[in-house]
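Hello,

Here is the structure we spoke of. Please look through it, then read the notes below.

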Amino acid sequence: MRLYEKHQIIHFLKNAFYSMLIAFLISLFAHLVAAKKLEVLDTVLSSIKIFFSILPLVFLSQKNFLFRDGPLKAIFLVFYYLVLVPIINLSIKIDNNEALNYFFILLTFINIFLLIVSHIIILKYVFSDFLRRKRKVVPSDVIVVITTYITMAISFGLFYTVLSLSTKTPVFHGISRELPEIEFYFKHIYFSFITITTVGYGDIYPLTTFSQFIVVVEIITGLLLTNVILGLVIGSGILASKD
């Protein structure tokens with residue numbers, strides 16, 4: 001069964017247009033009223049950043065649009081917040097605007113809240129519901145577990161990035177603060193993936209006790225997802241031939 005209809009797409013595009021208009025008006029207000037000057041390029045770039053920050057709210061407002069409401073929708077939002085939003089925010093550079101800075105802080109808190117809620121939905125579905133036998137295992141659980149594994153790795157990478165930015169002393173050997181912002185973010189993502197897969201090349205490693213503790217937590221999380229949960233899902237026989 002399709003999870004979207006023509007009227008749903010039209011409704012989504014209409015609301016997305018309204019969101020873009022609202023983003024532009026907020027940006028225009030911040031530049032004209034708060035900063036008392038109008039920089040056309042900065043106004044447009046600010047509008048784009050605001051738009052992509054509030055777009056998930058439009059997506060969430062439509063029930064069962066593209067994905068059924070549940071873990072798959074939550075996984076999509078996690079990818080959106082951890083991949084697309086950081087790339088946009090790191091790529092678009094605008095001059096400091098006090099009014100916009102406060103608004104971006106508000107949007108950041110909203111996005112973090114939705115990111116946490118999305119993770120809770122995924123982990124509840126993968127761990128709690130399955131282990132407590134609240135539902136039957138279905139073939140799509142394999143995809144959910146694998147994508148959860150990937151989203152957890154990216155999430156830990158984001159946390160490592162914030163950890164590095166929050167202190168003046170180096171947190172990880174092999175990651176320089178002088179790197180371009182996108183490369184700096186990707187380095188932490190890369191380290192997260194080699195950590196959760198327990199590959200451990202040794203080119204990057206944690207230097208502080210707290211970062212070492214988080215690394216241990218990530219390794220345990222990866223082992224639980226692959227060795228325990230994925231093993232139980234596949235071992236349930238859902239992929240066996242019914243011939």
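Helices here are DSSP runs of H or I with at least four residues, numbered from the N terminus. This is a predicted model, where local features need pLDDT of at least 70, side-chain atom pairs need 80 or more, and totals for chains, interfaces and linings use all residues. Residues are numbered from 1 along each chain, and side-chain values use heavy atoms, without hydrogens or water.

The pocket comes first. A pocket is an open set of points on a 1 Å grid over the protein atoms alone, where a 1.4 Å probe fits, with protein on both sides within 12 Å along at least five of seven lines; lining residues have an atom within 4 Å of a point. Helix α4 gives the largest share of the largest pocket's lining, 11 residues. In total, 37 residues line this pocket. Pro86, Asn89, Thr108, Leu158 and Val162 lie nearest its centre. Helices α2, α3, α4, α5 and α6 each supply at least two lining residues.

Now α2 (40-60). It has 21 residues and spans 31 Å from first C-alpha to last, close to the 30 Å expected (1.5 Å times one less than the number of residues). α2 bends by about 30° at isoleucine 54, the angle being between axes fitted to the seven residues ending there and the seven starting there. Proline 56 follows within four residues.

Last, leucine 224, in helix α7 (209-235). Leucine 224 touches Phe127 and Ile229, leaving aside residues up to four places away in sequence; contact means heavy atoms within 4.5 Å.

Best wishes
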